[in-house]
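Visitor: Could you show me how to read a few local features of a model, beginning with a helix?

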Amino acid sequence: MQTDFSSLSLLSSTEKKILLKRSQKDFPWLESEDFFDFNKALGEEDYIQKSQDDEVISGGNLSPGMILSAYKHSFFPWFSEEDPIIWFSPSLRFVIDKTSFHIPSRLKREIKKTDFRISLNEAFDQVIENCALIKREGQKGTWITDDMLQAYRLLHKLGFAHSIEAWKGGELTGGFYGLYINEVFIGESMFSEISGASKTAFALFAQDFFENKKGILIDAQIPSENIKRFGGFKMLRNRYLGILNS
């Protein structure tokens with residue numbers, strides 16, 4: 001099923017304050033195989049591919065089909081508890097590819113000395129709940145709201161969302177989660193209870209992803225010093241979309 005909602009509203013980044021005051025309408029629940037055409041909703045074919053600006057839109061819901069369609073159009077949900085549903089698409093995506101990826105020398109030495117056990121999808125609920133509890137500088141609350149928790153748990157059950165965990169002495173000490181779409185891993189959030197836990201999990205996951213899983217990109221969405229250390233760089237949205245939907 002392909003769905004189009006003319007009431008989905010487009011706003012520029014500078015109009016975000018107006019966006020936050022807008023009320024939302026109920027939208028149909030979209031299953032994972034359903035497709036929402038963001039370009040059509042925005043009124044122009046290939047609108048997002050042509051745009052050179054950061055794009056912010058409001059509307060829809062957090063059903064599997066809506067979220068997956070958003071990611072395939074380069075949008076991801078990013079809003080607080082008191083806000084309407086907001087979808088953000090940066091004009092420059094912060095990514096790592098096989099060529100740029102490297103593990104910092106210091107971290108390589110630390111990994112050899114540590115005894116973390118790294119796992120995949122053993123504790124998705126615990127990972128996302130820990131990520132939601134992190135206090136971030138400049139943010140009053142978390143963007144991982146109760147509705148977001150429920151939505152990504154469902155995506156995990158459907159096989160789209162995955163978690164990577166770091167364990168020590170049988171205890172979960174760090175990890176991260178994200179979505180896997182067409183050989184692209186889109187990272188959402190990470191947490192660490194002890195030094196080096198999430199960095200080790202990310203380093204070993206990324207190494208395996210590029211060397212053994214035929215991964216093309218790891219998408220961090222927006223720039224961060226942590227991901228930059230692993231070879232993160234800015235990619236134009238148009239190029240990113242070409243890779244994601246190839």
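Guide: The buried residues of α8 are Ala-197, Ser-198, Thr-200, Ala-201, Phe-202, Ala-203, Phe-205, Ala-206, Phe-209 and Phe-210, where buried means under 20% relative accessible area, exposed over 50% and partly exposed in between, with a 1.4 Å probe and protein chains only. Helices are DSSP runs of H or I with at least four residues, strands are E runs of at least two, and both are numbered from the N terminus. This is a predicted model, in which local features need pLDDT of at least 70 and side-chain atom pairs count only at pLDDT 80 or more, while totals for chains, interfaces and linings use all residues. Residues are numbered from 1 along each chain as its sequence is written, and side-chain values use heavy atoms, leaving out hydrogens and water.

Visitor: What span should the 15 residues of helix α8 have?

Guide: The expected span is 1.5 Å times one less than the number of residues, so α8 (residues 197–211) should span 21 Å, which agrees with its end C-alpha atoms being 21 Å apart.

Visitor: Is His-162 buried or exposed?

Guide: His-162, in strand β9 (residues 161–168), counts as buried because its relative accessibility is 18%.

Visitor: Which side chain does the side chain of His-162 join in a polar contact?

Guide: A polar contact is a pair of N or O atoms within 3.5 Å; within protein, one must be able to donate a hydrogen and the other to accept it, and residues adjacent in sequence count only if both atoms are side-chain atoms. Here the side chain of His-162 joins that of Asn-121 at 3.1 Å, and the His-162 side chain also reaches the backbone oxygen of Gly-159 at 3.2 Å.
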